Amino acid sequence: MESYLVFKDLAIIIIFAEICGLTARKLRAPQVAGEIVAGLLVGPSILGLVEQTDFLVQMAEIGVVLLMFSAGLGTDLKELLKTGPIAFAIACAGVFIPLLGGYFLFSCFYGFAAFGSEEFFRALFTGVILTATSVSITVQALRELGHLKGRVGTTILSAAIIDDIIGIIVLTFVIGIKNPDSNPASVIINTFLFFVLSGVLGFVLYKLFSKLDARYPHRRRIPILSLALCLIMAYCAEHFFGIADITGAYVAGVILCSIQDSDYIARKMDISSYMLFGPIFFASIGLKTDISGFNITLLGFTIGFIIVGLITKIIGCGLMAKCFRFSNQDALKIGVGMMTRGEVALIVSQKGLSVGLLDSVFFTPVIILIICSSIATPIVLKLLYRNTPAEA
């Protein structure tokens with residue numbers, strides 16, 4: 001393949017991603033859903049304008065690493081500590097119940113497999129996909145309704161952040177256990193060591209970056225060094241600990257999320273992510289989606305996947321909120337607020353495809369779940385808050 005042909009592919013992806021992303025926003029659907037559809041349109045399944053290449057795969061991998069780094073930068077550690085115990089318990093329930101739901105759903109459609117078999121891990125990974133929560137749609141809905149800063153809104157926001165952290169740990173563990181060269185004990189030890197060392201090293205790096213930030217505020221050297229830290233953490237996580245590179249990138253973002261210029265770093269990262277790497281990553285999901293294998297069985301699975309994905313979050317998070325003496329109405333609001341899926345679900349799915357835990361045909365149910373949950377959540381929240389006055 002001639003090297004200059006990549007420019008044509010990139011131009012097509014960026015143009016289609018922008019058009020489809022804007023169209024999705026006009027229809028009040030997530031922009032990322034439009035970018036995925038763009039990849040589906042230009043890919044082999046429909047128009048055939050772009051073929052999946054090693055270069056695009058590598059660009060998409062950079063994109064997913066930058067997305068997880070930005071997610072880590074957006075973490076509010078003070079808010080996490082403030083609502084910690086309650087949000088942590090709700091997040092744990094919001095991971096455990098969907099994990100079980102996804103496992104049993106896959107097993108009901110494709111058979112209950114023996115523990116440790118390939119199909120067992122595929123069923124378990126289906127549950128891992130459902131653990132992720134995308135709170136961006138919920139935040140926007142609560143902001144418009146005037147209930148973002150209340151007890152319910154704060155709890156949802158904190159629980160969603162913790163939810164993603166736990167989900168990433170579960171993803172790391174499942175991928176590690178699936179590796180035939182590993183054993184459960186080594187995976188647990190490596191995961192534990194990574195997070196312990198990240199905590200120690202993170203404290204040192206936080207102090208170092210804080211001093212640099214105080215001396216050189218709003219200078220480009222800070223985002224540049226931050227990006228280097230992100231890439232190094234992603235490399236070390238995968239190379240030395242056998243942990244997903246996205247975990248290392250996310251931890252790098254968490255390390256820097258409390259320095260004074262964390263928002264400045266995030267804005268600089270967003271420029272490259274928004275214009276190039278992000279669209280390529282989400283479009284690559286569409287490129288890899290195989291709609292030719294869509295059949296009656298998969299249609300039934302997709303319907304079940306959507307129902308289980310929405311209901312398990314409401315049940316898990318709502319019941320746990322009820323245990324902490326939230327009213328029935330508020331517990332339901334928390335459950336509904338936690339049921340949106342977005343970028344993290346796609347990132348987890350992408351990782352599953354790369355390690356053989358997911359077939360490309362199963363991207364379709366994930367995409368449809370993201371769209372349905374993103375549309376349903378604001379509507380249901382508006383109904384639940386219809387008789388509740390906005391908070392000051």
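1. Ground rules. The model is predicted, so local features need pLDDT of at least 70 and side-chain atom pairs count only at pLDDT 80 or more, while totals for chains, interfaces and linings use all residues. Residues are numbered from 1 along each chain as its sequence is written, and side-chain values use heavy atoms, with hydrogens and water left out.

2. Helix lengths. Helices (H or I, at least four residues) and strands (E, at least two) are DSSP runs, numbered from the N terminus. The expected span of a helix is 1.5 Å times one less than its number of residues. Helix α8 (residues 151-178) has 28 residues and reaches 40 Å between its end C-alpha atoms, close to the expected 40 Å. Helix α5 (residues 84-110) has 27 residues; its end C-alpha atoms are 38 Å apart, which agrees with the 39 Å it should span. α16 has 22 residues and reaches 31 Å, close to the 32 Å expected.

3. Burial of α8 and α16. Buried means under 20% relative accessible area, exposed over 50%, and partly exposed in between (1.4 Å probe, protein chains only). α8 is mostly covered, with 22 of its 28 residues buried. Buried residues of α16 include Phe363, Pro365, Val366, Ile370, Thr377 and Leu384.

4. The cavity. On a 1 Å grid over the protein atoms alone, a cavity is a set of points where a 1.4 Å probe fits but cannot get out; a pocket is an open set with protein on both sides within 12 Å along at least five of seven lines; lining residues have an atom within 4 Å of a point. Grid points are joined across faces, edges and corners, and a volume is the space filled by probe spheres set on the points. How many cavities of 30 Å³ or more does the whole structure hold? The search finds one. The largest cavity holds about 40 Å³ of space. Its lining consists of Thr126, Ile129, Phe301, Phe305, Leu358, Phe362, Pro365 and Val366. α6 (118-131), α13 (296-323) and α16 (363-384) each supply at least two of the lining residues.

5. For classes, Ala, Val, Leu, Ile, Met, Phe, Trp, Tyr, Cys and Pro count as nonpolar, Asp, Glu, Lys and Arg as charged, and the others, Gly among them, as polar. The lining of the largest cavity has seven nonpolar residues, one polar and no charged.

6. Phe362. This lining residue is found in the loop between α15 (343-354) and α16. Phe362 is buried, at 10% relative accessible area. Contact means heavy atoms within 4.5 Å. Leaving out residues up to four places away in sequence, Phe362 touches Phe106, Tyr110, Leu298 and Phe301. Leu298 is 64 residues from Phe362 along the chain, yet their C-alpha atoms are separated by 8.2 Å.

7. The second largest pocket. About 420 Å³ of space lies in this pocket. It has 15 lining residues, and the closest to its centre are Phe195, Gly199, Val251, Val254 and Ile255. α8, α9 (184-215) and α11 (245-256) give two or more residues each to the lining. By class, the lining has ten nonpolar, five polar and no charged residues.

8. Lys333. Beyond residues up to four places away in sequence, Lys333 touches Val152, Ile156, Leu381, Leu384, Tyr385 and Thr388.

9. Positive phi. His218, not a glycine, has a positive phi of about 55°. His218 sits in the loop between α9 and α10 (221-241) and is partly exposed at 48%. Arg325, also not a glycine, has a positive phi near 65°. Arg325 lies in the loop between α13 and α14 and is exposed at 78%.

10. Cysteines. A disulfide is a pair of cysteine sulfur atoms within 2.5 Å. The whole structure has zero disulfides. Cys317 is in none; the nearest cysteine sulfur, that of Cys92, is 10 Å away. Cys317 is buried, at 0% relative accessibility, whereas Cys108 is exposed, at 59%.
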